[in-house]
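Here is a friendly note for anyone opening this structure for the first time. Please keep the viewer beside you and follow the points in order.

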Amino acid sequence: MSTLESVFAKNGLLTAFALIGVTMLVSYWASEKLTRGRLHGSAIAIMIGLLMALLAGGKSGVADVPMLSGVGLMGGAMLRDLAIVATAFGVRMEEFLKGGVIGVVSLFVGLFVSFFAGGAVAFAFGYRDAVSITTIGAGAATYIVGPVTGGAIGASSEVIALSIAAGLVKAIAVMIATPFLAKAIGLNNPSAAMIFGGVMGTNSGVMAGLAATDPKLVPYGAMTATFYTGLGCLLGPSVIFMIARTFF
Amino acid sequence: MPIYGTALLSLCLLTGLTVGRMIGAALGVNADIGGVGIAMILLILGCDALQRRGLMKAPTESGIVFWGQMYVPIVVAMAASQNVLGALSGGLMAIMAGLFAVGLSFVLVGVLAKKGGKEESPS
């Protein structure tokens, strides 16, 4: 047994390919046989992935299990970004330009809405200082904007931890909810996908949500979402903190 | 050779991430702004230029297409390496803040997507 374990651990990326391959196989089978294709195979696969991460319970999900550390490499930023950019192959430039203006608008509106939502919940839970409210609002944008903003304006580590948790909840909720809500919000064309990416912003959520809805929409959502976290880190400690300070 | 395509893809991403970091630094934030988006534009323009010159061969293309097709499995691996327990153990406030933001955002996407669709339809 330990021989097998050490082979798996030493060839982590291969173990990941095998594990994820089997997960995909099971998911697509379940999609066809159990839901008659109503729930997309990739949506099931993503939910199985999240469930495995929960059961493993580590900071990096199953990647914290030594034998499965390769899953972290396979699903890490490097290969993820490579695959995302590759999905743009064959997309025509005009498609991006068509959704460009509304994409930019959705970025700004989406950021403000998320900051507002997070800040409002923080207020409802008894926070009354601008620093904490802004930081938790920033976490509701993404789990990177939260700690960056909190660090810049001097939030307590407890509040920063809460902002990261809020961002994680958001990412996971977007992953799970998108395929179910796609039809209701008209998410079935490139422009709508660019709006979706801009408003949601959470990279992992947008990418997984679109993959589970319609993989053809992925490059459009990714195009706008890629600006969100950076823009959030820019606006959070500056404009949004100043707005929060006028109220509290 | 497929490696030509994968090399082009990698170069686009490396360039995009560098430019994204530079934009971030210029604006005074330690974050990448739009790196992946810039890389996608570079890839589209680069492939377009190669195709027009007839330099884009099928094996080269396959070195890009493969990674695009690996997208969903890679996202599943990403989902499996999320801190799901951390999200749930953040307590009710963190869960509410995340869910409220997602709920409002979905409504907003619906409104903007319908508006965008109307503006597009006459053209």
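This is a predicted model: local features need pLDDT of at least 70, side-chain atom pairs count only at pLDDT 80 or more; totals for chains, interfaces and linings use all residues.

1. Let us start with one residue, A:M52, which counts as buried because it has 22 C-beta neighbours inside 10 Å. Buried here means that 20 or more other C-beta atoms, placed from the backbone, lie within 10 Å of a residue's own; exposed means 12 or fewer, and partly exposed is in between. A:M52 lies in helix 3 of chain A. Helices are DSSP runs (H or I, at least four residues), numbered from the N terminus. Leaving aside neighbours within four places in sequence, A:M52 is in contact with A:G61, A:V62 and B:A80, where contact means C-beta atoms, placed from the backbone, within 7 Å.

2. Residues are numbered from 1 along each chain as its sequence is written, and chains are lettered from A and ligands numbered from 1 in the order in which they are written.

3. Next, please find helix 2 of chain A, residues 12-34. Its 23 residues reach 32 Å from the first C-alpha to the last, close to the 33 Å expected (the expected span is 1.5 Å times one less than the number of residues). After helix 2 of chain A comes A:R36, whose phi is positive, near 50°.

4. Which residues of helix 2 of chain A are buried? They are A:A16, A:L19, A:I20, A:T23 and A:S27. These buried residues pack against helix 3 (41-56) and helix 4 (70-74) of chain A, together with helix 4 (71-80) of chain B.

5. The axes of helix 2 and helix 3 of chain A come within 8 Å and cross at roughly 130°; axes are lines fitted to C-alpha atoms, for helices over the stretch in contact, and angles run from 0 to 180 degrees between N-to-C directions. The two helices are therefore oblique to each other (under 35 degrees is roughly parallel, over 145 roughly antiparallel, 65 to 115 roughly perpendicular and the rest oblique). On the helix 2 side of chain A, A:T23, A:M24, A:S27, A:Y28, A:A30 and A:S31 meet A:G41, A:I44, A:A45, A:I48 and A:G49 in helix 3 of chain A. The residues of this contact divide into six nonpolar, five polar and no charged; Ala, Val, Leu, Ile, Met, Phe, Trp, Tyr, Cys and Pro count as nonpolar, Asp, Glu, Lys and Arg as charged, and the others, Gly among them, as polar.

6. Now the partner in chain B. Helix 2 of chain A and helix 4 of chain B pack at an angle of about 105°, with their axes 10 Å apart. That makes helix 2 of chain A roughly perpendicular to helix 4 of chain B. Here A:A16, A:I20, A:T23 and A:M24 meet B:P73, B:V76 and B:A77, and the residues of the contact divide into six nonpolar, one polar and no charged.

7. Is helix 4 of chain B mostly covered or mostly open? Mostly covered: ten of its ten residues are buried. One of them, B:A77, has 31 C-beta neighbours inside 10 Å. Leaving aside neighbours within four places in sequence, B:A77 is in contact with A:A16, A:I20, A:V71, A:M74 and A:G75.

8. A further pairing between the chains is helix 5 (residues 77-87) of chain A with helix 2 (residues 35-52) of chain B, packed at about 40° with axes 8 Å apart. That makes helix 5 of chain A oblique to helix 2 of chain B. A:D81, A:I84 and A:V85 meet B:V36, B:A39, B:M40 and B:L43, a contact of six nonpolar, no polar and one charged residue.

9. Finally, step back to the whole interface: 64 residues of chain B are in contact with 89 residues of chain A. The largest share of the chain B side, 22 residues, comes from helix 6 of chain B. By class, that side has 45 nonpolar, 16 polar and three charged residues.

Notes
Two residues are in contact if their C-beta atoms, placed from the backbone, lie within 7 Å.
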